[in-house]
Amino acid sequence: MMRRGLAFVAPAALLMLAIYIVPVLVLAGFSVTDYRLGALDWGFVGTGNFARAFSDPVFLRALANTLIYAAIVIPAGVGLALGVALLVHGTKRTRGFWEVAYFLPVTATLVAMATVWQFLLHPSLGPVNAAIRWLGFEPVSFLADPALLIPTMALMGVWQVLGFNMVLFLAGLTAIPKDLTEAARLDGAKSPIDRFLTVTWPMLGPTTMFVVVTTSISAFKVFEQVAVLTKGRQGSETLLYAIYLEGFEYAETGYAAALTLIFLALVLILSVGQTFKLDRKVHY
Amino acid sequence: MARYLPHVVLALGAFLMLLPFYWMGLTAIRSPSEIFDISLWPVPDQFSAARNFGKVGERVPMGRFMLNGVIVCAGILIVQILTAVPAAYALAKLKFPGRGVFFALVVGALCVPMQALALPLFVGLAQLKLLNTYFALMVPFFLSVFAIFLFRQSFRSYPDEIIEAARLDGFSEFEICWRLVLRGSLPSLAAFSIFSVVAHWNDLYWPLIVVRDTALAPPPLGMLYFSDAESGADYGALMAGAALVTAPMVLCFLLARRQFIAGITMTGVK
């Protein structure tokens with residue numbers, strides 16, 4: 001029986017070794033060297049790569065861009081999703097339609113849709129700027145003004161993540177017992193806002209926590225928009241894009257490994273707490 | 001009036017959510033001369049779908065990209081299921097040395113995004129001269145720790161009495177795992193399959209790293225080649241290409257909405 005158990009996990013365990021354990025060790029090893037892919041010799045540089053990262057203007061800019069991106073996507077992606085979920089939860093016959101409409105972007109290929117957004121936001125050919133002009137404002141150059149590049153990418157990020165978060169909130173809302181809302185009403189919580197603050201919001205706590213964490217993790221992994229829209233030009237690199245350039249375009253393997261470890265540390269801080277909770281109960 | 005307010009707000013939001021799809025579809029069937037027409041009127045003056053979709057085929061091997069996507073997604077999913085189901089069964093129902101350690105590794109690996117492993121995996125594949133192959137596109141995803149975690153959770157609720165009875169009846173452990181226990185978890189299997197296919201159909205990061213050969217590009221990478229090459233203004237063809245890349249997952253979603261939502265949301269930790 002024991003041997004049967006080992007035989008059953010053996011393929012997965014071997015893959016675990018080859019795909020996770022060895023790569024993480026190799027990554028850590030690379031990060032303290034100046035190894036360049038294809039080079040014949042390499043040297044030990046200790047924490048040199050990390051020191052270099054925190055004085056590298058490109059990396060610092062990528063980090064700042066990613067934080068700005070997250071600072072837009074997290075509140076907007078979570079807040080709007082909660083608002084939409086509350087409204088959809090109140091509907092009956094039309095609920096299926098709203099679910100489809102808001103969830104559709106989640107399934108769509110972001111690379112293709114970023115191309116569509118690029119066209120939608122085009123200064124002269126796109127309907128968005130046409131609407132802005134029609135309202136009497138100056139057209140906005142979403143994809144030419146360097147200051148607007150990250151916010152524009154965040155707009156697409158919010159568009160894509162909203163439906164995903166909405167579905168999670170809807171599941172959370174459905175789980176709140178109706179009696180509780182009714183009791184609050186009898187206890188004097190007359191307006192829907194009072195009932196939201198006294199019942200719905202506290203009951204949604206675990207769901208909100210989960211949604212914030214998953215949205216943060218996906219925000220730190222922003223990549224597609226940069227690859228399609230700017231390729232990192234005009235100072236619009238994000239963390240993952242900077243890592244991609246160093247590691248795979250410039251073959252700076254050692255330095256890219258150090259950057260990857262910084263990225264991994266950020267993601268782990270966000271996800272470790274969540275996974276311990278997940279261990280107790282799968283959330284859906 | 002107040003009764004309809006939620007619907008009005010939802011409709012405005014839904015308009016913004018669906019606008020990109022509408023604009024993509026509309027541009028894909030309009031003639032290039034209507035490019036300056038920013039009206040949202042659904043009927044084009046000149047119906048040019050054939051021309052636009054034809055242009056996609058002339059510029060890039062879109063059919064090949066889609067076929068690559070199917071091969072890669074299918075290959076990944078099959079190996080994921082073949083390796084995760086027995087491992088999850090062993091974790092849920094069998095005792096073996098190292099069980100605790102293995103489960104701790106599964107939970108730990110759930111926190112590690114694929115992008116963090118890309119660099120060493122890339123170097124390893126380069127050393128083995130395996131870059132630019134289907135194998136390279138698929139191999140990092142052969143093990144889904146998420147699938148192991150999900151199936152273990154689901155298998156645990158399978159009654160032990162039935163497993164015992166099946167053992168007495170002479171069923172092998174292999175048959176119990178694949179023919180009895182898995183059959184009790186078909187909704188989890190369906191949800192995981194959808195999640196896996198959507199995630200890998202849409203993935204750009206890894207294909208961009210390991211593939212330099214157009215003939216091997218999955219749809220998102222093919223789309224990127226196309227939009228990079230199409231710096232001119234043939235938006236009709238570009239939108240037709242985007243529609244082709246996006247259509248399979250969107251259609252599946254519209255056909256199997258419930259399973260789809262379950263599949264994508266039960267994951268959370270992607």
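Predicted model: local features only at pLDDT ≥ 70, side-chain atom pairs only at ≥ 80, totals over all residues.
**Stop 1: where the chains meet.** Colour chains A and B separately and display the residues in contact: 78 from chain A and 81 from chain B. On the chain A side, select residues 2-31, which form helix α1; this helix gives the most to the side that touches chain B, with 16 residues. Now colour that side of chain A by class, and you will find 59 nonpolar, 15 polar and four charged residues.

**Stop 2: the core.** Next, look for the largest nonpolar core, which has 170 residues. Then zoom in on M166(A); leaving aside residues up to four places away in sequence, M166(A) touches A81(A), V84(A), A85(A), V88(A) and Y102(A).

**Stop 3: along α7(A).** Is this helix largely enclosed or open? Of the 29 residues of α7(A), 21 are buried, so the helix is largely enclosed by the rest of the structure. From first C-alpha to last, α7(A) reaches 43 Å, close to the 42 Å expected at 1.5 Å a residue.

**Stop 4: over to chain B.** Finish with residues 235-255 of chain B, helix α13. Its 21 residues should span 30 Å at 1.5 Å a residue, and the end C-alpha atoms are 29 Å apart, which agrees. Select A247(B) to see α13(B) bend by about 45°, with a proline, P248(B), following within four residues.

Notes: Residues numbered from 1 in each chain as written. Chains lettered and ligands numbered in written order. Helix = DSSP H or I, 4+ residues; strand = E, 2+ residues; numbered from the N terminus. Expected span 1.5 Å × (residues − 1). Bend = angle between axes of the 7 residues up to and from the residue. Contact = placed C-beta atoms within 7 Å. Nonpolar A, V, L, I, M, F, W, Y, C, P; charged D, E, K, R; others polar. Core = buried A, V, L, I, M, F, W, Y, C linked by C-beta atoms within 7 Å. Buried ≥ 20, exposed ≤ 12 C-beta atoms within 10 Å, placed from the backbone.
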